[in-house]
Amino acid sequence: MVKEQLQQEIDSLYPSLCDLRHTLHRHPEAGTQEFETGRLIIGCLKQWGIPFQMIADTGILAWLTGEAPAASETTGNVVGLRADIDALPIEEAPDHDWRSENPGMMHACGHDAHTTIQLGTARLLQLHQKEWAGTVKFFFQPAEETIGGAERMVQEGCMKNPAVDYVAGLHVMPEYHTGEVQMKYGKLNAASDDVLIDVYGKGAHGAYPEKGIDAILIASHLVLSLQSFVSRSLSPLESAVLSFGTINGGSAQNVICDHVLLHGTLRTTDPQTREQAKYYIRTQAKSIAAAYGGDSKVRFVSGYDALINDDELVDLAADTAAGLLGKEHIHWKAAPSLGVEDFSFFQESAKAGVFYHLGCTALDQKEIYPLHTARFQVDDACLKTGVLLQYSLTRRLLNYHPENT
């Protein structure tokens, strides 16, 4: 299909896509509570006759199978597309159009746009179902902002029967205008781990510290020591951050504390650095506590894995964007973000995956409002760009075989 015809078809879908996004935006819901959001998605799927099933409680898995005859046994891959559907606990600015009707909740991360783009892509693929072979799965993922719905969907089998070959996803990015995209090879987003360190000492009267073992003193030395691990224990070419957000311990100002709990977050951009950092934290906690006569226990609670793009699929996505938008509208991200993105779980379960950023700020908008803020807003026109890119990239992924490139 020529670019002009494709754009005309997307233009015809655009009014209904705008209405859909505005409705989604007015009804934001927290992770695992996306009931009205799910009803809106299901309403579209039923109207179009696209099969679906519920998964991971409030998640939705939909699919289409192409009706074109396969040219060979290797024609027609299985492609997965992801859209996250939850919102954030933020009170939206009062002057916004289509303002949230749910107090204290807002689509401040653009998931309403992601969901709309995914539905538009599904509809366009369905309208051209006779032209392609293979299967496309659509992951409407809950709880990206909270407990991580991607991993739950994978565990419940969304990547199987048939097995997904390639996955693609996007995220709106207000730093770029509508019609622009940002891409990056390799490491894009960090892995996350909660770090919990229990420091144990011995209680005593504050006037007689020699009779106790001060857990607060041990914890203080431990925090100071651990801050140096990035600069002295890891390669300067690797990205890692360790931050402690809470320190809890002690019962009175004149009592030597016998227990402190440190709670922090660890962010790393590759599996080797992640394990190296964990080893360093464990050994430092043990040795520093022992040096002061105390003890420690370290626990890690795994969050999201690092999102690492496949370079060949990045080339494919960039080439697709260049043909549709022009090379001058492609921006390249220089360094990975230490924020997290659980699209990584879909990516790890496929042969390869690609994730990119979609400009969503109107050309005439003078001030940029960041994600996760009360004044963040999406330019509706970016919906057309998102559908154009996701549809075109999916068609290429359905016939993508790297040994033939």
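This is a predicted model: local features need pLDDT of at least 70, side-chain atom pairs count only at pLDDT 80 or more; totals for chains, interfaces and linings use all residues.

Residues are numbered from 1 along each chain as its sequence is written, and side-chain values use heavy atoms, with hydrogens and water left out.

## The sheet of eight strands

Eight strands form an open sheet of mixed pairing, in the order E1-E2-E4-E3-E5-E16-E6-E15; helices (H or I, at least four residues) and strands (E, at least two) are DSSP runs numbered from the N terminus, and two strands pair if DSSP finds at least two bridges between them. At the edges are strand E1 (52-55) and strand E15 (330-332), each of which pairs on one side only. From one strand to the next the twist averages 25°, where axes are lines fitted to C-alpha atoms, for helices over the stretch in contact, and angles run from 0 to 180 degrees between N-to-C directions.

Strand E5 (residues 166-177) is mostly covered, with 10 of its 12 residues buried; buried means under 20% relative accessible area, exposed means over 50%, and partly exposed lies in between (1.4 Å probe, protein chains only). E5 pairs in the parallel sense with strand E3 (residues 78-84) over four bridges, and Val-167 in E5 is the bridge partner of Gly-80. E5 also runs parallel to strand E16 (residues 352-361), to which nine bridges join it, and here Gly-169 stands opposite Phe-355 in E16. Strand E6 (residues 181-183), by contrast, runs antiparallel to E16 and is joined to it by two bridges, with His-357 in E16 as the bridge partner of Gln-182.

Helix H8 packs on this sheet and touches E5, E6, E15 and E16, its direction making about 160° with that of E6; contact means heavy atoms within 4.5 Å. Helix H10 packs on the sheet as well, touching E3, strand E4 (135-141), E5, E6 and E16, and its direction makes about 165° with that of E16.

## Two helix pairs

Two packed helices are described by the angle between their axes and the distance between the axes. The table sets out these values for two pairs.

| Helix pair | Axes come within | Crossing angle |
|---|---|---|
| H8 (residues 311-325) and H10 (residues 382-398) | 10 Å | roughly 130° |
| H1 (residues 3-26) and H3 (residues 111-127) | 9 Å | roughly 140° |

H8 and H10 are therefore oblique to each other, since angles under 35 degrees count as roughly parallel, over 145 as roughly antiparallel, 65 to 115 as roughly perpendicular and the rest as oblique. H8 passes H10 in a right-handed crossing; a crossing is right-handed if the near helix is turned clockwise from the far one by less than a right angle, and left-handed if anticlockwise. The residues that make this contact include Leu-313, Leu-316 and Ala-317 of H8 and Thr-385, Leu-388 and Leu-389 of H10. By class, the contact of H8 with H10 divides into 10 nonpolar, three polar and two charged residues, where Ala, Val, Leu, Ile, Met, Phe, Trp, Tyr, Cys and Pro count as nonpolar, Asp, Glu, Lys and Arg as charged, and the others, Gly among them, as polar.

H1 passes H3 in a right-handed crossing too. Among the residues that meet there are Leu-6, Glu-9 and Ile-10 in H1 and Asp-112, Ala-113 and Thr-115 in H3, and the contact holds nine nonpolar, four polar and four charged residues.

## The sheet of four strands

An open sheet of four strands has the order E10-E12-E8-E13 and antiparallel pairing. E10 and strand E13 (295-302) stand at the edges with a single partner strand each, so one side of each is left without a neighbour in the sheet. E10 is joined by nine bridges to strand E12 (residues 259-268), and Val-241 stands opposite Arg-267 in E12.

Eight of the 10 residues of E8 are buried, so E8 is largely enclosed by the rest of the structure. E8 is joined to E12 by 10 bridges and pairs with E13 over eight bridges. Helix H7 (residues 271-291) lies across E8, E10, E12 and E13, running at about 160° to E13.
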